[in-house]
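Hi,

Here is the structure I promised to pass on.

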Amino acid sequence: MGLVTEQYLSKFSFSVGKGYVHSEFKSNAPYFDQFRHELRIYLFNDVGFALYNRLLKTGSLCRQRVREASWSTKIILNKVDDKYEFRFGTDIDVVGRTHYWYAVVADCMLEEYDAHPP
């Protein structure tokens, strides 16, 4: 059985024009161990998410799937009062019609070794 390298988070929508996305994640336990990680959050438009799902069903690699994202950023966890947190915010230019945007968190490095994330 393969490792789960990605997790769908949510979908949201904007009108055509400028949109702003902000999110905050908190954890009581650290995610990172002694192995290499590449934890990122990805935002997909309708077209990119449809391609992502098609690739997911065909047995592709995580790196192949996340290339379909319109935007991504690396997740760097900060320790605050014995908890770990990550925040991000970004403007999104919606130049064409997209019904929804989709957020996915992924660590494609988990495919590189026999990982067992917490």
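E85 has a relative accessibility of 15%, so it counts as buried, the cut-off being under 20%. Its salt-bridge partner is R87, with 3.5 Å from N to O, and R87 is partly exposed at 48% relative accessible area. These two residues also belong to a network of salt bridges that includes E24 and K26. Please keep in mind that this is a predicted model.

Searching the whole structure turns up six salt bridges. One of them joins the side chains of E6 and R65, at 2.6 Å from N to O. Since E6 sits in strand β1 and R65 in helix α2 (residues 62–66), this pair ties together parts 59 residues apart in sequence. Both partners are buried: E6 has a relative accessible area of 12%, and R65 comes out at 5%.

Helix α2 also holds R63, whose partner E38 lies in the loop between β2 and β3, 25 residues apart.

Now for the strands. β7 covers residues 101–107, and seven of its seven residues are buried. W101, A103, V105 and D107 lie on one side, with Y102, V104 and A106 on the other, and both faces are covered. Strand β1 (residues 6–12) runs antiparallel to β7 and is joined to it by six bridges; there, S10 stands opposite A103. Strand β3 (residues 39–44) is also antiparallel to β7, again with six bridges, and R40 has A106 as its bridge partner.

Happy exploring!

Notes
Residues numbered from 1 in each chain as written. Predicted model: local features only at pLDDT ≥ 70, side-chain atom pairs only at ≥ 80, totals over all residues. Heavy atoms only, no water. Buried < 20%, exposed > 50% of the residue type's maximum accessible area, 1.4 Å probe, protein only. Helix = DSSP H or I, 4+ residues; strand = E, 2+ residues; numbered from the N terminus. Pairing = 2+ DSSP bridges. Salt bridge = Lys/Arg side-chain N within 4 Å of Asp/Glu carboxyl O.
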